[in-house]
Amino acid sequence: TTLIMTLLHDITKLLHFADSKELEYIRIGTCGGININSGSIIITDTSYMPDLSVGYKMHILGREIIYPTHMNKELNKNILRCQPAGPAFDIFQGNSIAADDFYLGQARFDGAIKPKYDENKRQEYFKRIMQYNIYNFEMESTALAAFCNMAEIPATMVAVTLLNRMH
């Protein structure tokens, strides 16, 4: 997430120098679905941290500051309004988790490090996640939402699920 914050700062500065005024940021990418089929599209409302808290924590001048991680509701409505009738894929609007990494942070067993959780703990976590209307894991949404909220730039995230992480 530190890399995306640097990228967002640099792109926003470049757009400012180019005299661009009406910005909207949309992160388009892939994710791991949570209890949804691969190929489904997720439009994020709010991004959660892996501990299921809302907000992006930054340390500035030795102080912890938590920034909001809500995506822009109007931008989400506009994206949904543009969808064709009866697409060949499912579209979900809900919440996302910005995982700390691609393996352990997404409750996986196939990384280089053996997790300190078992399948039962993993399933308990997934049950908690689903109570928050969370549909996917990815890694950038909290940083994107926090930066864009600070900069007052409408932003959202649209991601296609590559697989269902519950299997």
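Buried means under 20% relative accessible area, exposed over 50% and partly exposed in between, with a 1.4 Å probe and protein chains only. These legends describe a predicted model, in which local features need pLDDT of at least 70, side-chain atom pairs count only at pLDDT 80 or more, and totals for chains, interfaces and linings use all residues. Residues are numbered from 1 along each chain as its sequence is written, and side-chain values use heavy atoms, leaving out hydrogens and water.

View 1. Helices (H or I, at least four residues) and strands (E, at least two) are DSSP runs numbered from the N terminus. On α3, the buried residues are Arg122, Tyr125, Phe126 and Ile129. Looking down the axis of α3, you will find these buried residues within an arc of 100° (taken from the directions from the helix axis to the C-beta atoms), so they line one face of the helix. Asn120, Lys121 and Lys127 are exposed on the face turned away from that buried side.

**View 2. What covers α3.** The cover over the buried residues of α3 includes β5 and β6 (134–138), where contact means heavy atoms within 4.5 Å.

**View 3. Phe102 in its loop.** Phenylalanine 102 sits in the loop between β5 (91–98) and α3 (119–130). Its relative accessibility is 41%, so phenylalanine 102 counts as partly exposed.

View 4. Lysine 116 counts as exposed because its relative accessibility is 87%. From its C-alpha atom to that of alanine 155, 39 residues apart along the chain, the separation is 35 Å.
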